[in-house]
Amino acid sequence: TVALGAVTATLLGATATAVQDVTEPTRDVLLLGVLGASLLPFATLGALFDLARIHVLASGDDALGALRHAWATFTARLGRLVVARAAIAAASLAVVAGAGAFVATQPVTSPETGPLVVVVIVHRAAGLLLAALQVAWFVVLVRSARAPQA
C-alpha cells in the first residue's frame, strides 16, 4: 500500500510538472485522471486484504496462505466482486452527497439550535448508513470466500 501510494504520488508530481503550462481546467482534468487511474490498484489491493482477513478468520490460514486463498477467491469471483464494490461505492457516494446537499440547505449560522440538531442527526444517520454499506461489502466477501473455487 505504501509503495503504491509512493508510485501514485510520483506520477501525480510528474504529471503536474509536465502540464504546468497547460490551462487550469485541462491540468485539473489530467491530474484527476491520474488519481482516478490509481483507484483500480488501490481497490484491488483493498479487496485482496479484506479477503485475506476473512480467510484468516474462517480457516486460520497464516498470512501467505490467506493471501493465496484471497487471490484464488478474487480471480474466481472477480465479476461479482467488481459489481458489488461498484454498487456499494455508488451507494456510499449517494449517502455522502445526499447528506451534504441536505446539510447545505440548513441555516446553521442562525442562533437557533434546531438546524444544528438536524445537521448532527443527518451526519449520524449518514455514518450509520456508511457502516451498513461496509458490512454489506464484507457479507459479499464472506459469501464469495465460501463459494467453491473455480
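There are two salt bridges in this structure (a side-chain nitrogen of Lys or Arg within 4 Å of a carboxyl oxygen of Asp or Glu). The model is predicted, so local features need pLDDT of at least 70 and side-chain atom pairs count only at pLDDT 80 or more, while totals for chains, interfaces and linings use all residues. Residues are numbered from 1 along each chain as its sequence is written, and side-chain values use heavy atoms, with hydrogens and water left out.

**Salt bridges**

- Side chains of opposite charge can pair when their charged atoms come close.
- Asp50 pairs with Arg53, and their closest N and O atoms are 2.3 Å apart.
- Both Asp50 and Arg53 sit in helix 2, three residues or about one turn apart; helices here are DSSP runs (H or I, at least four residues), numbered from the N terminus.
- Asp50 is buried because its relative accessible area is 10%, where buried means under 20%, exposed over 50% and partly exposed in between (1.4 Å probe, protein chains only).
- Arg53 has 46%, so that end of the pair is partly exposed.
- The other bridge joins Arg27 to Glu24, with 3.7 Å between the closest N and O atoms.
- Arg27 and Glu24 are about one helical turn apart because they are three residues apart in helix 2.
- Glu24 is exposed at 52% relative accessible area, and Arg27 is partly exposed at 22%.

**Largest pocket**

- The largest pocket holds about 280 Å³ of space. A pocket is an open set of points on a 1 Å grid over the protein atoms alone, where a 1.4 Å probe fits, with protein on both sides within 12 Å along at least five of seven lines; lining residues have an atom within 4 Å of a point.
- Its lining includes Leu39, Phe74, Arg85 and Trp137.
- Helix 2 (24-59) and helix 4 (78-104) each give the lining at least two residues.
- Sorted by class, the lining has 10 nonpolar residues, one polar and one charged.

**Nonpolar surface patch**

- Phe49, Leu64 and Leu67 make a nonpolar surface patch of about 280 Å². Patch residues have over 30% relative accessible area and no salt bridge, and nonpolar side chains (Val, Leu, Ile, Met, Phe, Trp, Tyr) are joined within 5 Å.
- Leu67 belongs to helix 3 (residues 63-76) and is partly exposed, with a relative accessible area of 37%.

**Phe42**

- Phe42 is in helix 2 and counts as partly exposed at 28% relative accessibility.
- Between the C-alpha atoms of Phe42 and Val96 there are 21 Å, with the two residues 54 apart along the chain.

Conventions: Patch = residues over 30% accessible without salt bridge, like charges linked within 9 Å, V, L, I, M, F, W, Y side chains within 5 Å. Areas by Shrake-Rupley, 256 points an atom, 1.4 Å probe, with all protein chains shown as cover. Points joined across faces, edges and corners; volume = space filled by probe spheres on them. Nonpolar A, V, L, I, M, F, W, Y, C, P; charged D, E, K, R; others polar.
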